[in-house]
Amino acid sequence: MTATAVTPETSTPAEGLSVCVLGLGAMGLPMAQNLTTVATVHGFDPAAARAELAAASGITVHPDARSAAAPADVVLLAVRDGAQLSESLFGENGIAEVLSAGSVVLMTSTVGMGVVVEAAEKLAELGIGLVDAPLSGGPARAGAGDLLVVVGGTPSDREKAQPVLDAMSSTLVVVGDKAGDGQAMKTVNQLLCGVHIAAAAEALALADKLGLDLQRTLDGLQAGAAASFMLGNRGPRMLQAWDEDGAEVLSRLDIFVKDLGIVGKAAREHHLAAPVAVAAEQLFLLGEAQGLGLADDSAVIKTLAPQRPAQD
């Protein structure tokens with residue numbers, strides 16, 4: 001199926017639609033708040049403070065994931081990795097057993113193809129759909145319904161989840177008709193993003209060694225053929241990496257350790273050499289080993305230039 005990019009129309013409430021958001025953290029809470037415009041939203045988070053914020057936003061908060069998911073037509077699931085996905089759905093307190101036949105799980109994390117395909121097959125045996133919809137964008141964009149979402153799933157499952165997808169996204173890209181296709185597209189996306197961040201860090205570190213003013217260098221690069229989204233977005237944050245608190249954490253460095261690991265695994269499984277992606281992964285792994293895993297991913301420049309630039 002040819003990938004199709006769609007700019008969703010302004011969302012309107014879907015009569016009787018019930019949505020569950022499991023995990024009301026930095027991304028989950030603003031997504032849940034945004035979804036109250038199109039559905040009745042149920043939610044769960046183990047942190048009492050996050051649950052209180054959700055309740056104040058008109059979200060029906062539950063004491064556990066199962067009770068939150070049971071009444072939902074669509075369950076939005078944001079987990080860290082494949083193990084958490086399997087545990088959330090099929091573990092001792094997994095939600096799959098309480099979901100109604102005909103409901104849909106909307107998988108929004110980047111966890112790799114294999115585990116999503118396996119989860120979709122198990123859910124299908126219970127009459128439950130899975131729409132594979134990894135997303136890009138930070139908390140502010142999540143709250144505004146301004147995310148990029150790439151989607152794989154059967155047409156019937158996508159139709160059930162469409163009001164939620166439309167409310168979440170400013171750009172919705174349908175890349176295939178089966179679960180796993182969204183993960184495949186996001187894997188390709190993350191290869192480029194990780195490589196571009198690593199390349200930006202290397203370029204600015206070299207500029208520093210050559211005695212160039214980094215802000216002028218960044219401005220000049222962005223005006224020419226070397227410009228890229230990641231250079232323009234992460235470059236200014238890289239210049240803040242040596243500040244006492246570093247740059248604001250908008251995307252953690254250890255996320256790219258995970259995502260480039262997924263890229264490498266996919267490449268190996270398909271016998272594809274990916275030397276540039278591997279080199280970028282090693283840079284992020286070095287950053288994690290140096291204690292930067294929870295820092296903004298722009299801090300990867302400190303693996304190459306640990307000291308504050310001389311011109312500062």
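Predicted model: local features only at pLDDT ≥ 70, side-chain atom pairs only at ≥ 80, totals over all residues.
Trainee: Is Arg234 buried or exposed?
Mentor: Buried means under 20% relative accessible area, exposed means over 50%, and partly exposed is in between (1.4 Å probe, protein chains only). Arg234 has 7% relative accessibility, so it counts as buried.

Trainee: Which residues does Arg234 touch, not counting those up to four places away in sequence?
Mentor: A contact means heavy atoms within 4.5 Å. With that cut-off, and leaving out residues up to four places away in sequence, the list for Arg234 is Ile197, Ser251, Phe256, Asp297 and Ser298.

Trainee: Ser251 is on that list, so where is its place?
Mentor: Ser251 counts as buried, at 17% relative accessibility. Beyond four places in sequence, it touches Arg234, Arg237, Phe256, Ala295, Asp296 and Asp297. Its place is in the loop between H10 and H11.

Trainee: What separates the C-alpha atoms of Arg252 and Asp297?
Mentor: Arg252 also has its place in the loop between H10 and H11, and at 31% relative accessibility it counts as partly exposed. Asp297 is among the residues that Arg252 touches, together with Arg80, Gly293, Leu294 and Ala295, not counting residues up to four places away in sequence. Arg252 and Asp297 are 45 residues apart along the chain, and their C-alpha atoms are separated by 5.1 Å.

Trainee: Which residues touch the most other members of the largest nonpolar core?
Mentor: A nonpolar core is a set of buried Ala, Val, Leu, Ile, Met, Phe, Trp, Tyr and Cys residues joined through side-chain atoms within 4.5 Å. Of the 33 residues in the largest one, the residues that touch the most other members are Ile197, Met238, Phe284, Val300 and Ile301.

Trainee: Which helix gives this core its largest share?
Mentor: Helix H8 (181–209), helix H9 (214–222), H10, helix H11 (253–269) and helix H12 (275–292) each supply at least two residues of this core. The largest share, nine residues, comes from H8.

Trainee: How do H8 and H11 lie relative to each other, and what is the hand of their crossing?
Mentor: Axes are lines fitted to C-alpha atoms, for helices over the stretch in contact, and angles run from 0 to 180 degrees between N-to-C directions. A crossing is left-handed if the near helix is turned anticlockwise from the far one by less than a right angle, and right-handed if clockwise. The crossing of H8 and H11 is left-handed.

Trainee: And what is the hand of the crossing where H1 passes H7?
Mentor: The axes of helix H1 (residues 28–35) and helix H7 (residues 155–168) come within 10 Å and cross at roughly 115°, so H1 and H7 are roughly perpendicular to each other. Met31, Asn34 and Leu35 in H1 meet Val164, Ala167 and Met168 in H7. The crossing is right-handed.

Trainee: Why is H1 described as largely enclosed by the rest of the structure?
Mentor: The buried residues of H1 are Gly28, Leu29, Pro30, Met31, Ala32, Asn34 and Leu35. H1 is largely enclosed because the buried ones among its eight residues number seven.

Trainee: At what angle do H4 and H5 pack?
Mentor: Helix H4 (residues 82–90) and helix H5 (residues 113–125) have their axes 10 Å apart. Gly82, Leu85, Ser86, Leu89 and Phe90 in H4 meet Val115, Val116, Ala119, Lys122 and Leu123 in H5. The two helices are therefore roughly parallel, packing at an angle of about 10°.

Key:
Residues numbered from 1 in each chain as written. Heavy atoms only, no water. Helix = DSSP H or I, 4+ residues; strand = E, 2+ residues; numbered from the N terminus. Parallel < 35°, antiparallel > 145°, perpendicular 65-115°, else oblique.
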